[in-house]
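Here's a walk through one protein chain, from its overall layout down to a few side-chain contacts. Have the model open alongside.

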Amino acid sequence: MKKIAAVLLLCSQAFLVHVSHGFEITSKQFNEHEFLTKEHEFTGFGCDGKNLSPQLSWTNPPQGTQSYAVTVYDPDAPTGSGWWHWLVYNLPATTQELAAGIGVKTDLPKGAVQAKNDYGQNAFGGACPPKGHGVHHYQITVYAIKEKQLDIPKDASA
């Protein structure tokens, strides 16, 4: 089985004035700096993965968090501006985990929106770096947001 030449970086950030120490993001499927598997590889563009989003969970959100947003970004894509694989926002404050394949295998939490990724889909788009392009680093970021809902058009780009 081909391994994707990609390294995952888990990040957490917040849009709050007082950021809680210890706001962490983890995955049961892989650890930081591990290579991704076929499960998280795109289907298309010469890649034949399952195109499923990773399982993610987070703990210790900053006080006052009303909602979350999650992004998956590849800064190493040869586009001049990287590649946005996934943008999910308006996740309720009660959400502290996204199951693997959410949006495909199971529904997103009520009210959550998947914005358009760089594949042109309102969905998760897995890793598929150009052949021979080397290692790509996929940054998964969870944002703790002080507003309950962001008023962003569903077709907005990153």
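## Overall layout

Reading from the N terminus, the chain's elements go β-β-β-β-β-β-β-β-β-β. That makes 10 strands and zero helices, with both kinds of element taken as DSSP runs numbered from the N terminus: H or I of at least four residues for helices, E of at least two for strands. Of the chain's 158 residues, 44% count as buried, where buried means under 20% relative accessible area, exposed means over 50%, and partly exposed is anything in between (1.4 Å probe, protein chains only).

Some ground rules: this is a predicted model, so local features need pLDDT of at least 70 and side-chain atom pairs count only at pLDDT 80 or more, while totals for chains, interfaces and linings use all residues. Residues are numbered from 1 along each chain as its sequence is written, and side-chain values use heavy atoms, with hydrogens and water left out.

Start with the three strands that make an open sheet, ordered S2-S5-S8 with antiparallel pairing; two strands pair here if DSSP finds at least two bridges between them. The edges are strand S2 (24-26) and strand S8 (97-98), each of which pairs on one side only.

## S6 and S10

Now for another pairing: strand S6 (residues 67-74) runs antiparallel to S10, with seven bridges between them. Val72 stands opposite Ile140 in S10. Eight of the 10 residues of S10 are buried, so this strand is largely enclosed by the rest of the structure.

## The disulfide

Searching the whole structure turns up one disulfide, defined as a pair of cysteine sulfur atoms within 2.5 Å. The partners are Cys47 and Cys128, with an S to S distance of 2.1 Å. Cys47 belongs to strand S4 (residues 47-48), while Cys128 is in the loop between strand S9 (113-114) and strand S10 (136-145), so the pair ties together parts that are 81 residues apart in sequence.

What is the handedness of the disulfide between Cys47 and Cys128? The torsion about its S-S bond is about 95°, so the disulfide is right-handed. Both ends are tucked away: Cys47 is buried at a relative accessible area of 10%, and Cys128 is buried at 14%.

## Aromatic pairs

There are six aromatic pairs, counting rings of Phe, Tyr and Trp (its six-membered ring) whose centres lie within 6.5 Å; planes under 30 degrees apart are stacked, over 60 edge-to-face, and the rest tilted. One of them is Trp83 with Tyr119, an edge-to-face pair at 5.1 Å centre to centre with 70° between the planes. Trp83 lies in strand S7 (residues 83-92) and Tyr119 in the loop between S9 and S10, so this contact ties together parts that are 36 residues apart in sequence. Trp83 is partly exposed at 22% relative accessibility, whereas Tyr119 is buried at 15%.

Trp86 and Phe124 also pair edge-to-face, at 5.5 Å centre to centre and 90° between the planes. Trp86 is in strand S7 and Phe124 is in the loop between S9 and S10, so here the parts tied together are 38 residues apart in sequence. Trp86 is buried at 0% relative accessibility, and Phe124 is buried at 9%. Elsewhere, Phe23, Trp58 and Tyr68 form one aromatic cluster.

## The cavity

One cavity of 30 Å³ or more shows up in the whole structure. On a 1 Å grid over the protein atoms alone, a cavity is a set of points where a 1.4 Å probe fits but cannot get out, and lining residues have an atom within 4 Å of a point. The largest cavity's volume is about 80 Å³, meaning the space filled by probe spheres set on the points, which are joined across faces, edges and corners.

Of the 11 residues lining the largest cavity, Leu36, His40, Val72, Phe124 and Tyr138 are the closest to its centre. By class, the lining has nine nonpolar, two polar and no charged residues; Ala, Val, Leu, Ile, Met, Phe, Trp, Tyr, Cys and Pro count as nonpolar, Asp, Glu, Lys and Arg as charged, and the others, Gly among them, as polar.

Notes:
1 Å grid on protein atoms, 1.4 Å probe; cavity = no way out; pocket = protein on both sides within 12 Å on 5 of 7 lines; lining within 4 Å.
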